[in-house]
Amino acid sequence: MQLTKEQLAEFDELGYIFLPECFPADQVEALRAAASDVFTQQRPEVWREKDGTPRMAFACQEYNDACKILSTDERLVNPVEQLFAERCYLHQFKINYKAAFTGDVWQWHQDFPTWHKDDGMPEPRAMNIAIFLDDVMPINGPLMVVPRSHKSGALESSHDVKTTSYPLWTLDNETVSELVEKNGIATPTGKKGGVLMFHANIVHGSSGNITPYSRRIVYLTLSAVSNALVKPTRPEFVAHRDFTPVATTPASAFEQFVEKAVTA
Ligand code: SIN
Ligand code: MN
């Protein structure tokens, strides 16, 4: 999958782009089953909210076959390599499970400051590409982004470990208010199987989910190979140490995986 000239221009201007219907229904079902499998596991890579609700699972490509094949899927890797005009390595793979009724907030933040300060990533030549495993609606804790905020570069942030169980370098209310006053807030929503790409410096967050609808999203963080970590401090399952380019697999590899699983 390659982005069109118009899509590249939209990404450049807004800092994000949503691509509907990238993964067909049977592949989305296989990924939903993978998420269910991953979140029943008790292991250090699977993190939970204070009340035990699953929050996120890191490095699932290491212990789930569907995630493994997804982690090299060209539909995700190609557009990012196209944007950076360079091959990419996989910095992080995770599933965020914003659970029905109890899913907790993600404070306002940019991704790059965390990658830079905690992982020693030199430049914002990395980004998240997300696959929706549930319909993401305005009501079930969608990602909220401040369009054009990536143009502000990396903003001052502080290390927040109080608001949720997940520590992040977060932005203060004044900074967020100023940016939102100028650019508003967008919620890129869409059906399961859609893909969202967003810039490493776009300001984003999400609120809690008190609806009966869970909101599971897989995130691949891909970084240009010229942008290898120099001083990682987080565990290897959060910030990978293999900086070799992803050996991409075609969409047909995932298709065959799903077919095999059905006939097994
Ligand atoms: C993130 O910003 O890394 C995750 C936010 C979310 O899944 O809502
Ligand atoms: Mn983020």
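1. Buried means under 20% relative accessible area, exposed over 50%, and partly exposed in between, with a 1.4 Å probe and protein chains only. By that rule F101 is exposed, with a relative accessible area of 53%; its place is in the loop between β4 and β5, and its phi is near 70°, a positive value in a residue other than glycine.

2. E21, found in the loop between β1 (16-19) and α2 (25-39), also has a positive phi, near 55°, and is exposed, with a relative accessible area of 73%. Helices (H or I, at least four residues) and strands (E, at least two) are DSSP runs, numbered from the N terminus.

3. This is a predicted model, in which local features need pLDDT of at least 70 and side-chain atom pairs count only at pLDDT 80 or more, while totals for chains, interfaces and linings use all residues. Residues are numbered from 1 along each chain as its sequence is written.

4. The structure holds 2 cavities of 30 Å³ or more, a cavity being a set of points on a 1 Å grid over the protein atoms alone where a 1.4 Å probe fits but cannot get out, with lining residues having an atom within 4 Å of a point. The largest cavity has a volume of about 200 Å³, a volume being the space filled by probe spheres set on the points. Of its 18 lining residues, the closest to the centre are K94, W106, H109, D111 and N128.

5. The second largest cavity, with a volume of about 30 Å³, is lined by E49, R55, N96, Y97, K98, D104, W106 and R215; β4 gives the most to this lining, with 3 residues.

Definitions and conventions
Chains lettered and ligands numbered in written order. Heavy atoms only, no water. 1 Å grid on protein atoms, 1.4 Å probe; cavity = no way out; pocket = protein on both sides within 12 Å on 5 of 7 lines; lining within 4 Å.
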